[in-house]
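Biologist: I am new to this structure and would like to go through it with you step by step. Could you show it to me before I start asking?

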Amino acid sequence: GSFLLGKWLYMPLNSVPLCSAVVDVAIQDYVADVASELIYQNKSSMSTEVLFVFPLYPQMSIYSFQACSEDAKVQAMLQDKAQQLHEATGGWENLEYLQDQSRYPGEVFACFLGTLASGRELVVTLRYVQELSREPDGAARFVLPRTLHPYTQLYACGLPSTLCLLAAWNCVDSQLPYSLLLTASLQSPRGVANVQANCSLTPLIYMAQDHSSAQVSLAGNPPRHHDLELLVYFENPSAVSAVVEKGDPGAPPGSLLGESMVLVTLAPSIPEAVPGQRQSGEFIFLLDTTFLEHAQVPPQSMDQGIHNPLEYLSRPACCVFPQDSLLFLLKSLPLGCYFNIYCYETASVGIYPQSVQYTQDNLTKAMQRIPSTSSSLDDTNLLGALCSIYSTPRPQGHARQLFIFMTGLPPDKEAITAEVCRHRNSHRCFSFCFSVDSAALATALARETEGEATYIHSNNSMTAVVLQCLKRALKPAAEVVSLSWTLPRGLEVEVLGGIPQSIFQGQHILLYAQIHGKAEDMTEAKGIMTLQYSLDGKDVTHMVEFPLCSQGDGRLAGHRLAARFLLQRLLPEAASGSGDELRRRVVEISLTSGIICSFTSYVGVHTSHRVTWYRGPLALLAPCQSHIPCQIIELHGSCRDSSCFPVTIWVPPGWLTAVRESWLALRRLTCGIAALPQWGACSKAFVLCSPILIPWSTEAIAECQKLVALQREDGSWALSSGLVSVLEVDEAEIKGKMPGEILEPSIWATVLAVTWLHRPDKCYQDYCELLEAKAMTWLCSQAVSQLDKCLEAANNLLGSSMKANIFKL
């Protein structure tokens, strides 16, 4: 949304409507700089207090903001918090209201703009930079934020007020209440091939013969009820590229903004892995014992004489899912990988001194060594566990990935983030938190390592969520990644933040490399970047030649994003108390680039146009200045979504929120009911679990879990009394129906288990997809010619109708 007005509850919708918006977008490969000018007009007969709110999308940073009326101007400025001379006064209650009443978490930029008289206009100028996501086909994806395209929110129409519902519905069939002029300048040395959008665009106009520069504009109205999206395609869809952006001539030589920057895109082509087959990777699970108290697998087995605590598992159906999560997670790992488990509340060492191969014996021993209770719930030692992991060698050719489960917030969160940041290029984190307090830490750990963070808000969805993350973690990776440079004499390149050791399939990595030194002739000079990595044991090399003649239009989008990137990596160590020198460097980068950090803050400066400005140490501050509330704030909403990443949607308080929540709940319920036929009819009661809307009964989960506990690490099942109990078929009948061609009972047992999972009245897909893939791989390696007869006999025995194509026959 754009404006929140007055006391929030009583101002009409059209108090300060957005009359027009002019948006200029400059896209350089996968980097965007956006300059917007918004004109608002108070058409009511009363003066109105105005608060501007701009939700910050992921990978976005504001670097300039000002608002002008006929009489005054508000300028947002960055200052060092330690040296801030003035305190903003008046109007803070509006920011506090916004912070506390939001139902959604996430960062927003908020500035209290004071009072706007009746009939007066207000012009807001906002500039920001953003890293663009890369689509699988190589396109750069740009989405216009809702504040600059307010019609995309049905309930808001640009002004999130609690009294706007009726007006919003009326807007559907009327003309747009504002005009939007959008122009996009596109640049790439590879050439701009095409632009697609969900709205009408003018024909693409090329500004250079080699198609390295082009321009396109919005034609007609923006899309209704949807975000305005642009997809920019390049002529050479190479997944590896290097582009030079010139520095700021006015910046000090040798500074971050003063030198040229190379924007490096790394997204090498990596084929998909075949589920169920052997796969490399090192998977390390960090579990606090509060979690483990609900995740213990009892050592008793259902068969006498077998003492594998994971071999069989029997427990009441009403038990909670953390126990299932640990079992399903460990059983779903692929053959060929390495694993280890850390219980970080009791010790800073793993179940094994270092990661071991994934075998049945190692898995059994690991489960036997997991402690059953916590010695001290307050003695969290996640930092010690992380330090221990980073000190152990990584198996050669195996990408390291950490699965961190946090029940509460550790007391040394700054030191933990700093430690992860120091080793960010050597691994990837999948972090799971069970409390709102730990959500920020979980997000930070995932963000620093290009991983994912998930908030577990319901035990019912935990196992499925964890397994979905494991599926993404099982994507193959390019290993032993390195970059080398060939440049003219006198030049050298420094990659800010280093180079990741692994790049996963589907991953898009944007690196910032600063060029130091001087060359004799930069106009014709070229550089060569060489990317090398190992894929499935084979060495792969990509060589990219790029001109050193700087590209860009002087807006410094790449430099500002490089500053943002550098701040994110320096802040954890600076915040942990690593010395004043590092803090001074962080503040300098923030102030010179205009990108905020935790050591700087925005100050809104309210100046009169009739007063001569004072150009002293605090530039742009007038003698009669008045500081006003202006800052980046974190909304204190609840973590309703499964993701810990900021949700940048403002939902107004009051009855409109209740109406919208009810509408969303009805839509989810409708989708859940519509999905029932494809998952099979379940006769038992079901619940809707976010984010996976699948009907599940506790009894069905217990049945599935018992069968999974019997599966061996290679994917097969043994023909045992435990399996007979799960199948609920007489043992003599099972053995009597086994085809005579079968020489190995495990083949028959495994076909029976897979067939049992595919019964028409059950739905185990989200829980058993990885396990089933392992079983299929094992079966096809054992007896391809016997599977059709086994399947026919299994269907007859269990009353199923599974088709032979499940085995890819």
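Predicted model: local features only at pLDDT ≥ 70, side-chain atom pairs only at ≥ 80, totals over all residues.

Biologist: How many bridges join strand β24 to strand β28, and which residue stands opposite T486?

Modeller: Strand β24 covers residues 477–486 and strand β28 covers residues 526–535, and the two run antiparallel, joined by six bridges. As for T486, the residue that stands opposite in β28 is I528.

Biologist: Is I284 buried or exposed?

Modeller: I284 lies in strand β18, which spans residues 282–287. Beyond its neighbours within four places in sequence, I284 is in contact with several residues, among them N340, Y342, I389 and F403. Because its relative accessibility is 1%, and the cut-off for buried is under 20%, I284 counts as buried.

Biologist: How far apart in space are I284 and I404?

Modeller: In sequence, I284 and I404 are separated by 120 residues. From C-alpha to C-alpha, however, the distance in space between I284 and I404 is 8.4 Å.

Biologist: Which residues does R447 touch, not counting residues up to four places away in sequence?

Modeller: R447 belongs to helix α8, made of residues 439–448, and is partly exposed, with a relative accessible area of 33%. With residues up to four places away in sequence not counted, R447 touches Q568 and R569.

Methods. Residues numbered from 1 in each chain as written. Heavy atoms only, no water. Helix = DSSP H or I, 4+ residues; strand = E, 2+ residues; numbered from the N terminus. Buried < 20%, exposed > 50% of the residue type's maximum accessible area, 1.4 Å probe, protein only. Contact = heavy atoms within 4.5 Å. Pairing = 2+ DSSP bridges.
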